[in-house]
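The sequence and the structure are shown first.

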Amino acid sequence: IKNASVVEDSSRFVNKPGSYSVIDKKLAVSCGQNSGLVIEKLKPAGKAEMTSQAFLAGRQSFTQSLSQ
């Protein structure tokens, strides 16, 4: 993770800590107590730095598994 925003007291984070979701077309990780991290930029191992949207666009199976 290169850049992320902390979101507190949000009803968007109702899953258990450590679970992933997509919020505003960005990857997000629940941290518990209705808070979490919205990932802005990340750098996968062996890849160039990219936005969260670009990461998700290249991983359709990942985003489909989140909606199940």
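Strand S3 and strand S4 (residues 35-42) run antiparallel and are joined by four bridges. Within this pairing, valine 29 has leucine 37 of S4 as its bridge partner. The model is a predicted one.

S3 also pairs with strand S2 (residues 20-23), again in the antiparallel sense and over four bridges. Here lysine 26 in S3 is the bridge partner of isoleucine 23.

| Hairpin | Residues between the strands | Turn residue and its phi |
|---|---|---|
| S2 and S3 | two residues | aspartate 24, positive, about 50 degrees |
| S3 and S4 | two residues | glutamine 33, positive, about 50 degrees |

Strand S3 spans residues 26-32, and five of its seven residues are buried, so the strand is largely enclosed by the rest of the structure. For the protein of 68 residues, the buried share is 29%.

The protein comprises five strands and two helices, arranged from the N terminus as β-β-β-β-β-α-α. Helix H1 covers residues 52-57 and includes alanine 54. This alanine 54 counts as partly exposed because its relative accessibility is 40%. Its C-alpha atom is separated by 9.1 Å from that of lysine 41, a residue 13 positions away along the chain.

Two totals complete the description. Among contacts in the protein with a separation of 6 or more, 43% come from residues 24 or more positions apart. The protein exposes about 4,600 Å², of which carbon and sulfur atoms supply 48%.

Methods: Residues numbered from 1 in each chain as written. Predicted model: local features only at pLDDT ≥ 70, side-chain atom pairs only at ≥ 80, totals over all residues. Heavy atoms only, no water. Buried < 20%, exposed > 50% of the residue type's maximum accessible area, 1.4 Å probe, protein only. Contact = heavy atoms within 4.5 Å. Areas by Shrake-Rupley, 256 points an atom, 1.4 Å probe, with all protein chains shown as cover. Pairing = 2+ DSSP bridges.
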